[in-house]
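Hi,

Here is the structure I promised to pass on.

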Amino acid sequence: MKQPESPPQPPSSSSERARHSLRPDSPCAGYCSTSHGDEVCKGCGRTFDEVLNWIIYTDEEKAAVWARLEAAGLVKR
């Protein structure tokens, strides 16, 4: 039987907590290509569904997206 995935954990180290607290409300880079039909935004790296549902995502869901974007080097600062 497959084990359910555990939810993303809050940042554990002080540097991770500091990085998390300095994040903007959204990874939006101000030029959304999903509005032009792209499945993945060329501006921020989020999928169409992530862009569309961002305002209703929980903090944990947003943290998971941020973690994926950061791991892929897609966060623009």
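Below is what turned up, sorted by kind of contact.

A word on the ground rules first. This is a predicted model, so local features need pLDDT of at least 70 and side-chain atom pairs count only at pLDDT 80 or more, while totals for chains, interfaces and linings use all residues. Residues are numbered from 1 along each chain as its sequence is written, and side-chain values use heavy atoms, with hydrogens and water left out.

Cysteines

How many disulfides does the structure hold? The count is 0, taking a disulfide as a pair of cysteine sulfur atoms within 2.5 Å. Cys-41 is in no disulfide, and the nearest cysteine sulfur, that of Cys-44, is 4.0 Å away. (Buried means under 20% relative accessible area, exposed over 50% and partly exposed in between, with a 1.4 Å probe and protein chains only.)

Salt bridges

There are 3 salt bridges, counting a side-chain nitrogen of Lys or Arg within 4 Å of a carboxyl oxygen of Asp or Glu.

One of them joins Glu-70 and Arg-23, with 3.0 Å from N to O. Glu-70 lies in helix α3 (residues 59-71) and Arg-23 in the loop between α1 (14-21) and α2 (48-53), so this pair ties together parts 47 residues apart in sequence. (Helices are DSSP runs of H or I with at least four residues, strands are runs of E with at least two, and both are numbered from the N terminus.) Glu-70 is partly exposed, at 22% relative accessibility, whereas Arg-23 is buried, at 15%.

Next comes the bridge between the side chains of Glu-50 and Arg-68, at 2.5 Å, N to O. Here the link is between distant parts of the chain, with Glu-50 in helix α2 and Arg-68 in helix α3, 18 residues apart. Glu-50 counts as buried, with 11% relative accessibility, and Arg-68 as partly exposed, with 34%.

Then there is Asp-38 with Lys-42, whose side chains meet at 3.6 Å, N to O. Asp-38 is partly exposed, with a relative accessible area of 23%, while Lys-42 is exposed, at 63%.

Around Trp-54

What does a search of the whole structure find in the way of aromatic pairs? It finds 1, where rings of Phe, Tyr and Trp (its six-membered ring) pair if their centres lie within 6.5 Å, with planes under 30 degrees apart counted as stacked, over 60 as edge-to-face and the rest as tilted. The partners are Trp-54 and Tyr-57, in a tilted arrangement with 6.0 Å centre to centre and 55° between the planes. Both of these residues, Trp-54 and Tyr-57, are buried.

Trp-54 also has a charge over its face: Arg-46 lies there, 5.0 Å from the ring centre. (The rule asks for NZ of Lys or CZ of Arg within 6 Å of the ring centre and within 35 degrees of the ring normal.)

Gly-37

Finally, a glycine to look up. Gly-37 sits in the loop between α1 and α2 and is exposed, at 65% relative accessibility. From Gly-37 to Phe-48 is 11 residues in sequence and 8.7 Å in space, C-alpha to C-alpha.

Cheers
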